Amino acid sequence: STGEYVRALDCYQRALTINSEIGSPEGQSLNLNNIGSVTLSLGKPQAALDFFQKSLTLEEKRGEMRAQAIRWNNMGLAYRALRQDARALQCYLQAKKLNDKIEHFGGIADNLNNMGALYESQKDYSRALEAFQGALDADKKIENSVGISTDLANLGRLFEAKGDREKALDHCLRAWRVNEYLGFRERILQDLSKVASLYEALGKPEEAEKFRQRARELASSPK
């Protein structure tokens, strides 16, 4: 809620004051990045961008490549919110370049997923497919099940947008199985709904009803 964001902002700003007073660049950078993230969530991307840039400057002085990559990625999110896609893409590419150097595969997957979403919004499906598949490959290298389920869902959505419902169904089913393993209730419900709608679109109403029934049973069960 907005109230929680405002309270978080107050805590981060107090921490920033303390870290500034004691001369901790690492603490200041973390606080500035957190303030930027909350500010972005509050719908103020231009202000958020300023915080991310200040944090990035501190990390460049410290030479922390992983932290720099996070700041570049966050700047990309801010530029996307500002509808400046070309600048957003430059930021994601810079973040990925840094993550490639240090072989931070989780970061690479995040960067590629953000790039894929940008390409998808531009209906550049071939580049979006390459990005989402790259994210899946990166997450597989570190056995990141949560990331893998996200990557599969992204690919499923993309194939549906391309009109390839069979491939969309395959990826959504795979995402559902991962989320079943992880026990992620909300994601499972989303997957069941998507799989049911795809079966319906493919002219398989009986299969669609099986998944709707699963969704109803899960939704009515105790959390």
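**Exercise 1. Describe how helix α4 packs against helix α6 in this predicted model.**

Solution. Begin with the geometry: α4 (residues 65-81) and α6 (residues 105-121), helices being DSSP runs of H or I of at least four residues, pack at an angle of about 20° with their axes 10 Å apart. Because angles under 35 degrees count as roughly parallel, α4 is roughly parallel to α6. Here the axes are lines fitted to C-alpha atoms over the stretch in contact, and angles run from 0 to 180 degrees between N-to-C directions.

Next, list the residues: N73, L77 and R80 of α4 meet D110, N111, N114, A117, L118 and S121 of α6, where contact means heavy atoms within 4.5 Å. These residues divide into 3 nonpolar, 4 polar and 2 charged, with Ala and Leu among those that count as nonpolar, and Asp and Arg among the charged.

The model is predicted, so local features need pLDDT of at least 70 and side-chain atom pairs count only at pLDDT 80 or more, whereas totals for chains, interfaces and linings use all residues. Residues are numbered from 1 along each chain as its sequence is written, and side-chain values use heavy atoms, with hydrogens and water left out.

**Exercise 2. Decide whether S149 is buried or exposed, and find what surrounds S149.**

Solution. First locate S149 in helix α8 (residues 145-161). Its relative accessible area is 2%, so S149 is buried, the limits being under 20% for buried and over 50% for exposed, with partly exposed in between (1.4 Å probe, protein chains only). Then examine the neighbours: the side chain of S149 reaches the backbone oxygen of V146 at 2.9 Å, and, not counting residues up to four places away in sequence, S149 touches A175, V178, N179 and R187.

Conventions
Helices (H or I, at least four residues) and strands (E, at least two) are DSSP runs, numbered from the N terminus. A polar contact is a pair of N or O atoms within 3.5 Å; within protein, one must be able to donate a hydrogen and the other to accept it, and residues adjacent in sequence count only if both atoms are side-chain atoms. Angles under 35 degrees count as roughly parallel, over 145 as roughly antiparallel, 65 to 115 as roughly perpendicular and the rest as oblique.
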